[in-house]
Amino acid sequence: MFANTKAFSGFAVDDLQKARDFYAGPLGIRVTDAAGLITLQLAGDRDTLIYPKPDFTPATYTILNFPVGDIDAAVDELVSRGIRLERYDGFDQDEKGILRASDGPPIAWFTDPAGNILSVVQVP
């Protein structure tokens, strides 16, 4: 039924302007506005809708992953742009906040202004 449908993802925030400023500013993503919503114009034609939700509660899991070739460089750049990396109990993250597990790719987490969890993950 949906095999040829161009689906898209979306997530909620409590403040669209703060979200717009964050995604367009420090993250450098092209953001468009329409009908009281914003859309992240992500590479690979993977547009992602962001919508306001008055009784918003952030997810407790990663909602958006940014693949990078060099996680150390990506983390350094995020920090230089004022973004704080998250640290989680039970994860052996290094001094930069990067998890370098033997059973998965290096990954580091940060949040948007609404508290949504995002990551940078190193891919080959």
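With 124 residues, a compact globule would have a radius of gyration near 14 Å; the protein comes out at 15 Å, which agrees. That radius is taken over C-alpha atoms, and the globule rule is 2.2 Å times the number of residues to the power 0.38. This is a predicted model: local features need pLDDT of at least 70, side-chain atom pairs count only at pLDDT 80 or more, and totals for chains, interfaces and linings use all residues. Residues are numbered from 1 along each chain as its sequence is written, and side-chain values use heavy atoms, with hydrogens and water left out.

**Fold and dimensions**

- The protein has 2 helices and 7 strands, counted as DSSP runs (helices: H or I, at least four residues; strands: E, at least two) and numbered from the N terminus.
- The order from the N terminus is β-α-β-β-β-β-α-β-β.
- The C-alpha trace spans about 45 × 35 × 25 Å along its principal axes.
- Take contacts (heavy atoms within 4.5 Å) between residues at least 6 apart in sequence: 55% of them join residues at least 24 apart.

**Surface and charge**

- Of the 124 residues, 38% are buried; buried means under 20% relative accessible area, exposed over 50%, partly exposed in between (1.4 Å probe, protein chains only).
- The mean positions of the 11 positive and 18 negative charges lie 5 Å apart.
- Lys and Arg count as positive, Asp and Glu as negative; His and the chain ends are not counted. Each charge is placed at NZ of Lys, CZ of Arg, CG of Asp or CD of Glu.

**Salt bridges**

- The structure holds 9 salt bridges, each a side-chain nitrogen of Lys or Arg within 4 Å of a carboxyl oxygen of Asp or Glu.
- Asp33 and Arg20 pair at 2.7 Å, N to O. Asp33 sits in strand S2 (residues 30-34) and Arg20 in helix H1 (residues 16-24), so the bridge ties together parts 13 residues apart in sequence.
- Asp33 is partly exposed at 47% relative accessible area, and Arg20 is partly exposed at 23%.

- Asp72 and Lys96 form a salt bridge, with closest N and O atoms 3.3 Å apart. Asp72 lies in helix H2 (residues 71-80) and Lys96 in the loop between H2 and strand S6 (107-111), so this pair ties together parts 24 residues apart in sequence.
- Lys96 also bridges to Asp76 at 3.1 Å. Asp76 is in helix H2, 20 residues from Lys96.
- Asp72 is partly exposed at 26%, Lys96 is partly exposed at 26%, and Asp76 is partly exposed at 40%.
- Asp72, Asp76, Asp94, Lys96 and Arg100 are linked in a salt-bridge network.
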